[in-house]
Each structure stands twice: as C-alpha cells, then as structure tokens.
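Work through the exercises below with the sequence and the 3D structure at hand. Try each task before reading its solution.

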Amino acid sequence: AASSQAMNPLVVQDGSWLILDSLWFGGPSQQPIPGGDFENWYNASWEDPDGWTSDNPMIDQSVAGDMAEQTTDAYKGNYALKVTTTWEAGQNWIASTVMNGWHSDTTWQNGGVPFANQVDTLIGWYKYTPSGQDTAVLWIDFFQGNTWGPPFWSTWKALPTSPTYSYFEIPFDALAVPDTIRINISSSSSPGPSNIGSELIIDEIQMKSNPLNTGIRSEEHTSE
C-alpha cells in the first residue's frame, strides 16, 4: 500500500495521504495479515540524493547498512555520493547502484532525465577503494519514446582504484538522437564475496554541454 506512486518518486506529490487499519484476508478462514493492525513498528530510514534513486529501500539496512549515502568527502561543495558493495542475508552480496531513474514494479529500472544530444561527454570526479580485484562502473542508457524497455544504445566506463579524486569522462556519439538518458553508478563491476566493502565516492557528474556551477573550484582537464 502506498499513498502515491511509490515506485516513481519523481511524480510523488506532497500532501497525499492514506489510512489503513485491521487488514485481514477474506474467505471462510479469515487469516490475519501479520502486522495488519499496525500496532508494532520498526524504524527504517535512508537518504537518496535529489533526482537519484538508490537500492537502499530494497534492502534490510539493519543487516547490510546503507548501500548509498551522503558523505562530506566532496570534490566540490559540501557533499558527495558514496556507494558501497555490501551483503544482505538471502540476497548474498550486492553492488550498490544509484541511478537517475527509479525502480519499477514491472521492470527493474525505469525513467531517466530528458536529454537530446547525440554527441556529448559525461564528466565527473571520483575516489575508489576496491575490495579484492574490483572496479566501479558507470554507464549511460539512451532511450527514444519509452524507458521501460531496453535502451537503443548504451556506453560505459570502468573506474579503477583511486585513493584521491580523479577526473573521468565518457565521450559518446549515440546511434541516434535520444529523448531520455539514464545514468547508472555501481560500486562493483562483478560483485562477489571478495568484493564486499568496495567503496566509490563520486561527485560533480555533468555533461560538458551543460556544466554544473557548484562552489568556486575550477580546473582544466584534458581527455584521458
């Protein structure tokens, strides 16, 4: 039950509300739904950066902790994004993934942001501390018309170990002009038991065609 479209946070509106109480299954046996009276509660909380969706709501944080969280270890401004490969009972190890779309109840991923450049370059800054032989991964999916099916084109980049902030860029020339892109950030390329604890900190993700203006730090970079 949800007071709004819980799987699509980008369309949720403030003020929607829903009250439920004393739920049970109908039929001859009338078995109660565990917790249907909503008298006993447990605390759960997480943070997602504005415009992005993490895996945090999908895991037991009392076991796995936060897979994606805010950090003050920023390249620019006050905060950056930290994602960590973790472990949850029943799901084994999980590479934390953050995307600028949302999780759907019919497809694993949906949504994105409007974007209409066929040629551009995604840039940003990152730190990466792997556990075992691991790399972080950042990829971009390109769509036309809808975002619940496969993208018509994708590109990606592996981010290797970097104890201090390193610049990265992903130049692209898509097969056609998109109307939407979805950016995915993952703390592991192929998560396994030896990769639990791989940690990626990433900041200032932007397109060269539309740069951010966070703080006052400014540096020139050449292509890698």
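Residues are numbered from 1 along each chain as its sequence is written. The model is predicted: local features need pLDDT of at least 70, side-chain atom pairs count only at pLDDT 80 or more, and totals for chains, interfaces and linings use all residues.

**Exercise 1. Confidence**

Task: State the mean pLDDT of the protein chain, and find what the model has for residues 23–39 and 215–224.

Solution. Step 1: pLDDT is the predictor's confidence in each residue, from 0 to 100. Its mean over the protein chain is 75, with 63% of the residues at 70 or more.
Step 1: Residues 23–39 have a pLDDT below 50, and this stretch has 16 contacts beyond near neighbours in sequence. A contact means heavy atoms within 4.5 Å.
Step 2: Over residues 215–224 the pLDDT also stays under 50. There the model has 13 contacts beyond four places in sequence.

**Exercise 2. The chain as a whole**

Task: Describe the secondary structure of the protein chain and give its share of buried residues.

Solution. Step 1: Helices (H or I, at least four residues) and strands (E, at least two) are DSSP runs, numbered from the N terminus.
Step 1: Buried means under 20% relative accessible area, exposed over 50%, and partly exposed in between (1.4 Å probe, protein chains only). Of the 224 residues in the protein chain, 40% are buried.
Step 2: Take the contacts with a separation of 6 or more: 68% of them join residues 24 or more positions apart.

**Exercise 3. The faces of strand 11**

Task: Decide which residues lie on each side of strand 11 (residues 180–186).

Solution. Step 1: In a regular strand the side chains alternate between the two faces of the sheet.
Step 1: One side of strand 11 holds Thr180, Arg182, Asn184 and Ser186, and the other holds Ile181, Ile183 and Ile185.
Step 2: Both faces are covered, and seven of the seven residues of strand 11 are buried.

**Exercise 4. The partners of strand 11**

Task: Which strands do bridges join to strand 11?

Solution. Step 1: Two strands pair if DSSP finds at least two bridges between them.
Step 1: Strand 5 (residues 97–99) runs antiparallel to strand 11 and is joined to it by three bridges. Met99 stands opposite Asn184.
Step 2: Strand 6 (residues 113–114), also antiparallel to strand 11, has two bridges to it. Here Pro114 has Thr180 as its bridge partner.
Step 3: Strand 8 (residues 136–143) is joined to strand 11 by seven bridges, again antiparallel. Phe143 stands opposite Thr180.

Notes: Heavy atoms only, no water.
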